[in-house]
Amino acid sequence: MKSFDYLRPETLADAIAAGGAPGAAYLAGGTNLVDLMKTGAAVPDRIVDITRLPGLDRWEWLDDGGLRIGALVRNSDLAHDVDVAQTFPAMAEALLSGASGQLRNAATVGGNLMQATRCPFFADPTSSCNRREAGSGCAAQGLSARAFAVLGASEACIATHPSDFCVALAALGAMVEVAGPDGTRAVALTDFHRLPGAAPQTTTVLKPGELVTAITLPAAAAGFRRHARYLKLRDRTSFAFALVSAAAMLRIEDGIIAEARLAFGGVAAKPWRALDAEAALKGARPDADAFATAAARALEGAAATAGNGFKIPLAARIGARALTLAAAGTPAEMPVLPGSVHLGEPAHA
Amino acid sequence: MPDVTPLPAATPIRMGSNAGQPRTRADGLLKVTGRATYAADNHPAGMAQAVLVTAAIARGRVTAMNVEAARAHPGVVEVYTPANRPELALEPDAKPSFFSKLTETLQDDTVRYEGQPIALVVAETLEAATEAARLLAPQYAAETARVGFDLAPYAPESVGFGFPIEMSKGDIAAGLSEAASTTETVVETPPQYHNAMETHAIVAEWKDGKLYLDTPTQAPGMSAAGFAAWLGLDPADVVIRSPFLGGGFGSKAAVVGAFLLAIQAAKLLDRPVKLALARHQMFGHVFHRGATRQTIKLGMDAEGRLTAIDHHTTAVTAAFEEFIEGASGAARTTYAAPAIRASHDGVRNDVGVPGAMRAPGEASGSAALEIAADVAAEAAGLDPLEFRLRNYAETDPMSGLPYSSKALRECYAEGAREFGWAGRPLAPRQMTDDAGMLVGWGVGTATFPCPMFGAEARATLRADGTAVIETALIDMGQGSWTAMAQIAADSLGLDVEQVEIRGGVSDLPDSGVAGGSGYTATLGLAIDNAGGDTIRQLAEIASSDPDSPLHGTGNTRVVARGGRLYAQDDESRSESYADILARAGRETLSGEGKGARGENDANDHSFQSHGAVFAEVKVDPDLGQVRVTRLVGAFAAGRIINPRMVESQLSGGMIWGISFALHEGAEMDPRTGRILNRDFGEYHVSVNSDAPSVKVLTIPEEDAFVNPLGVKGVGEIGVTGTAGAIANAIWHATGKRVTSYPIRLEELLDL
């Protein structure tokens with residue numbers, strides 16, 4: 001692969017200084033960046049290894065009951081923590097439905113936000129891709145394929161964001177803490193990723209040198225703990241990206257939905273929060289009609305490209321199913337097959 | 001806790017005290033501790049690293065490569081392109097053996113498929129070679145790629161490895177026109193690419209006039225001869241070391257151009273060279289299972305007995321070379337009918353050469369035929385198992401020859417009992433579980449032939465009474481190190497611990513081909529004969545020695561057991577091997593053996609392994625997500641040498657069947673002929689959680705005709721039957737008859 005400088009700064013300030021240079025890339029778990037370097041899709045001049053930065057590899061419970069998760073926390077560690085999983089069960093389920101055990105052990109939560117699309121043309125440097133190389137064109141347009149976006153796509157790019165975790169974060173109202181040359185700031189997760197528009201090469205709101213330092217979940221999000229699910233449809237039971245997925249959370253008071261959250265994965269270049277659907281559910285009875293109507297509303301603006309039309313009704317259905325299962329109650333234990341519509345079998349009968 | 005899990009079905013058949021035992025893997029500890037040496041683990045002194053550069057278009061020409069930039073990269077030793085390609089002893093398009101296929105050795109600037117070698121970069125480090133390969137930045141003049149089935153078909157030379165493109169018996173037209181009912185089913189199977197965990201790799205070193213190759217091969221002798229032919233060497237001067245393969249599945253037998261390039265680079269640079277293909281380079285240059293479109297017409301009488309089976313396959317092959325997936329062969333071997341036609345034609349695409357992939361022909365063919373059988377059963381109003389029993393082939397459906405053995409009826413019965421098939425509702429979409437999932441049950445017939453290739457082995461008794469077996473044995477995961485030692489021990493009358501196997505190197509007696517499910521039968525027979533030859537000589541020594549207690553017994557009236565020879569009619573007369581050898585003044589005593597099918601055996605019998613696979617699926621009624629919740633496979637494959645290895649082979653084959661049914665398939669971009677899913681993230685194979693319950697039964701089957709060991713073979717049959725059983729279970733669950741593999745959830749949605 002292309003030669004690059006490898007830096008391993010000891011402090012955040014040094015990391016930001018090193019990461020601001022043109023051609024620099026931050027390296028954390030490496031589960032996505034290294035793959036792209038192997039295909040030649042990513043050719044950084046400088047790798048800034050942030051895995052030794054102090055203090056980013058842990059989470060802390062905030063005084064108000066919120067949770068602040070350091071960017072270098074490993075997906076497995078977070079998902080397997082009992083307090084975390086009980087407080088934000090859909091987030092833990094989303095994490096455990098992603099990738100494979102080995103990858104979750106290596107991958108970090110900050111890196112999860114920074115994942116590149118798995119569009120095959122993005123990963124292949126010999127194909128045109130506006131996201132990888134601005135203005136080179138979009139080889140995906142016109143191809144009959146199942147994976148592409150049905151919401152928020154543009155002529156320039158129809159790629160999807162691959163994350164499961166981010167879908168749950170979007171529903172939970174997570175905030176992303178960012179540090180950079182101009183100091184620190186907080187961005188709503190739902191504002192963190194950009195829709196492609198005319199400039200798909202810019203995938204997040206991060207400015208040069210900025211990096212994710214933490215993800216914060218507001219205390220109020222814990223109010224959904226009793227009615228929260230993440231569901232994911234995929235081509236095999238594990239180690240597969242979502243065709244479509246949904247995070248659904250409800251706060252039910254006296255048999256009425258006091259508050260609802262609904263977000264989708266696999267449908268857009270960002271985790272897709274469905275605010276209209278949430279508003280429609282507020283004050284409704286938690287029944288099948290309400291869920292179906294709300295989920296359908298979430299897909300009202302959807303548009304198919306060749307070969308992915310089925311994803312629009314399918315997303316509405318999985319949204320309704322996730323809401324239905326959330327209403328039925330968060331399972332007492334993590335499902336054997338996290339994110340699956342199938343119950344699975346106990347690992348050891 | 002016993003450390004051995006007995007198979008549920010039956011008492012294993014025992015040849016002696018070793019065969020039949022579920023011994024653990026002889027090489028297991030080496031493998032789990034990382035000490036088993038695979039080809040790419042070798043690093044001879046001075047070794048350079050090679051990286052293959054492969055085409056990013058499917059059809060056209062390479063118009064430019066920036067060789068200067070690549071050469072200028074620090075650490076680069078040499079860059080080979082068509083302009084300075086290493087010469088071979090044969091023309092690049094020569095095919096030195098029956099199994100050879102056209103391959104690419106930089107003979108010109110033509111690109112005939114994506115992934116074709118177009119250059120080789122050699123450098124001091126893998127990183128330098130990789131970057132220099134990138135710097136080559138090939139430019140292309142691309143032509144429109146030919147993709148898919150809807151092109152003009154042509155009549156191929158042959159099917160698979162030399163079968164006729166059409167075989168038939170009886171009057172098909174009459175069988176269909178006079179049938180009480182007919183069905184027609186069209187099934188498509190996708191291209192599937194070889195993706196063993198170990199990618200193809202080679203370390204080539206020229207030393208002392210010989211060529212040493214560390215490279216995985218399923219056939220060391222054949223490979224050495226192949227390399228020698230291309231390179232103009234005496235086959236004895238090519239030494240291949242291949243003790244372990246990280247999977248072969250048919251892809252690691254024929255010589256490929258990339259390896260020839262690495263070998264020639266090692267010669268020209270006068271230093272060892274290593275080349276290991278990258279994962280994405282597995283998609284093109286090293287064979288694959290070609291796509292098929294199969295049309296199956298069945299005619300039946302009023303009772304559901306088949307009057308005609310007309311199975312036609314259109315197989316995708318390369319534009320420049322032929323290998324036709326012999327899918328219609330399933331019609332010749334599975335069900336009885338008075339008229340059968342198994343025909344093929346080909347369609348040329350701009351793809352790499354297809355080739356053998358685990359159960360070549362049968363896997364694709366049974367995946368289609370088993371769906372067609374279910375369609376017919378439905379039309380006849382019969383339970384799918386009853387339909388299969390009514391069309392049971394008592395003799396070979398095409399040739400009419402008697403089977404050497406066939407316990408398929410028992411497989412159906414035992415499998416159905418274990419699965420709980422009785423009471424299955426006839427109509428689809430009748431069963432649900434507590435969670436509201438649709439439940440369906442399906443069955444598929446499994447069958448695979450029992451070929452034997454030639455193999456040789458040498459057995460040597462040593463002065464201490466132990467023995468060594470020498471043969472170029474390879475183990476690609478199936479357990480041959482283990483099973484062959486069991487056969488050897490029995491043939492020599494020793495415990496398995498007293499038998500050393502010396503193998504993995506091509507300069508030992510030729511172990512033949514680990515393929516076609518024939519390795520245990522063929523090499524096992526060679527070892528058995530070598531052991532028998534040794535014992536015969538030992539008995540002659542003892543019998544003719546007046547000082548031996550066995551004097552005068554003659555070599556046919558002794559038995560070998562526990563390291564001693566006993567007089568058959570008087571076991572008080574016996575002597576240890578060590579004592580016999582010592583008195584004869586022999587340090588060692590060697591015997592030799594060959595394994596092959598008897599010359600006229602195939603004139604008298606048809607040789608097939610059989611099985612029945614039962615599948616349960618659950619399908620979400622609204623979301624289409626499928627889960628294979630249970631698989632039960634009952635197989636009859638003659639004598640079982642090692643039940644543990646056999647169960648592993650069969651269950652692994654069945655999981656491959658899950659993969660065939662639901663997961664595997666290259667996705668081609670029809671605009672470019674390029675493969676979109678060239679990595680393990682996107683080219684899906686089944687994972688553990690896709691196979692929650694896979695149960696294997698082995699049905700006892702004695703076979704006096706297939707070969708003297710009575711061994712048939714289990715390496716491939718597990719794939720057959722399984723994909724169809726799953727497709728049929730999905731129909732039973734949903735009422736939807738999906739006829740295109742892999743079966744995708746959107747095809748099961750009511751939209």
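Domain bounds here come from an automatic or database domain assignment. On that basis, chain B is split into domain 1 (40-143 + 200-276), domain 2 (288-451 + 603-748) and domain 3 (455-596).

This is a predicted model, in which local features need pLDDT of at least 70 and side-chain atom pairs count only at pLDDT 80 or more, while totals for chains, interfaces and linings use all residues. Residues are numbered from 1 along each chain as its sequence is written, and side-chain values use heavy atoms, with hydrogens and water left out.

Let's look at how domains 1 and 2 of chain B meet. Their centres, taken over C-alpha atoms, lie 37 Å apart. Domain 1 of chain B brings 13 residues to the contact and domain 2 of chain B brings 17, with contact meaning heavy atoms within 4.5 Å. About 1200 Å² is buried between the two domains, 55% of it from carbon and sulfur atoms; buried area is the accessible area (1.4 Å probe) that two parts lose on being put together, summed over both. On the domain 1 side, B:K101, B:E114 and B:F249 lose the most area, together 45% of what that side buries.

Three salt bridges are counted between these domains, each a side-chain nitrogen of Lys or Arg within 4 Å of a carboxyl oxygen of Asp or Glu. B:E321 forms a salt bridge with B:K95, with closest N and O atoms 3.0 Å apart.

Now for the cysteines: the whole structure has zero disulfides (cysteine sulfur atoms within 2.5 Å). Two cysteines counted as buried (under 20% relative accessible area, 1.4 Å probe, protein chains only) are listed below.

| Cysteine | Relative accessibility |
|---|---|
| B:C411 | 0% |
| B:C450 | 2% |

The sulfur of B:C450 is 12 Å from the closest cysteine sulfur, in B:C411, too far for a bond.

Key
Chains are lettered from A and ligands numbered from 1 in the order in which they are written. Buried means under 20% relative accessible area, exposed over 50%, partly exposed in between (1.4 Å probe, protein chains only).
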